[in-house]
Amino acid sequence: MRIFSGIQPTGTKHLGNYIGAVLQLVAGQDRGEALYCIVDLHATTVAYDPAELRRSLYDLTALLLAAGLDPQRCTLFRQSDVHEHTELCWLLCSVTELGRLQRMHQFRDKSVAQRELVSAGLLVYPVLMAADVLAYRAHEVPVGEDQREHVELMRDVARRFNARFAAGRELLVVPEDRIPAVGARVMDLQDPTRKMSTTGGSEEGTVYVLDEPAAIEKKIRRAVTDSGSEINRSPEKPGVSNLIEILAAARDAAPEAVEAELAQARGYGDLKAATARAVVELLAPVRERYSALRADEAALEDVLAAGAARARAIAAQTLADVRDCMGVGAPRRDRPLP
């Protein structure tokens, strides 16, 4: 099984990113052939600072390696180093309906915030995301709950391409999403009705992956809870439910097990204390390894370059098949289509 996932190099990564995405990437190394892409081209669809983008890319590369990604067990690369992504994106635009792109939640939400310029790249973003995955004929895409809409679009794009250009054969693999059962949506500790975020959330409600233990404990101790004292999940208890989900994800346990363990707790203080301990323990190895990895940018570039070479070998085969099916470029004579 081939697994593909992309992660943006923007913003300081927080606990929600770590539980919802990074932990999935680390686990994927043992479940199949894993390809992980740092999607710097996606980051250019909104206003950004070029120097900061490059710094953030190295920050993220070091963090992923510190979290447990092993270049010997996965392919980690930079999106813009594999030009097949952008050409395939253009070709897939021919089987992507404009109206659907205009209705995508991300386009609607982000275009409102772009007062000076709503870029065409923001509109085509989901097609590039589809190309990222379909270029590798990936079977599985680990994503958060908020990316389900994008995966559905790429599935439909693959089906439409296969029907129109490949005589119904599965030349492009129709991928499945993989959304974590626990921790798919980690909420802001100060406003548990909103996702934890570096842009739309609160500073006190956001736990960063590289926060010191004292900062983590302080933020979780001050987390908003709810009326009553029972420690269980319910729509009426978004704050408590969020802490239970975080504790369960940090322990790699079921939320029901957490509820059973804390059934006789003295109150929400016990839940917060247990959650803080678990999160500190979860993130400690990453913080300890990060600084040394981040300091050696040449070594980070070596990892990304080696990954790009492996990725390009796969993506080039897919693109050649797509071009041949679509009648683009010189006809292939080396081998029959799969």
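I began with the lining of the second largest pocket. H1 gives the largest share of that lining, six residues. This is a predicted model, so far as its source goes. I then looked up which elements give two or more residues to this lining, and found H1 and helix H10 (238-251). The volume of the second largest pocket is about 490 Å³. I noted 19 lining residues, with Leu23, Gln24, Ala27, Ala249 and Asp252 closest to the centre. By class, I read 15 nonpolar, one polar and three charged residues in this lining.

Next I turned to the largest pocket. I noted about 1600 Å³ of space in it. Its lining has 47 residues, and Gln8, Gln106, Lys110, Asp146 and Gln147 lie nearest the centre. I sorted this lining by class: 17 nonpolar, 22 polar and eight charged. Among the elements that each supply at least two lining residues are strand E1 (2-7), helix H1 (15-28), helix H6 (105-113) and helix H8 (148-165).

Last, I checked Asp226. I found Asp226 in the loop between helix H9 (213-221) and H10. Which side chain of opposite charge is nearest to Asp226? I got Lys237, at 6.4 Å. A salt bridge needs the charged atoms within 4 Å. Asp226 is buried and has no salt bridge.

Key
Residues numbered from 1 in each chain as written. Predicted model: local features only at pLDDT ≥ 70, side-chain atom pairs only at ≥ 80, totals over all residues. Heavy atoms only, no water. 1 Å grid on protein atoms, 1.4 Å probe; cavity = no way out; pocket = protein on both sides within 12 Å on 5 of 7 lines; lining within 4 Å. Points joined across faces, edges and corners; volume = space filled by probe spheres on them. Helix = DSSP H or I, 4+ residues; strand = E, 2+ residues; numbered from the N terminus. Nonpolar A, V, L, I, M, F, W, Y, C, P; charged D, E, K, R; others polar. Buried < 20%, exposed > 50% of the residue type's maximum accessible area, 1.4 Å probe, protein only. Lys, Arg positive; Asp, Glu negative; His and termini not counted.
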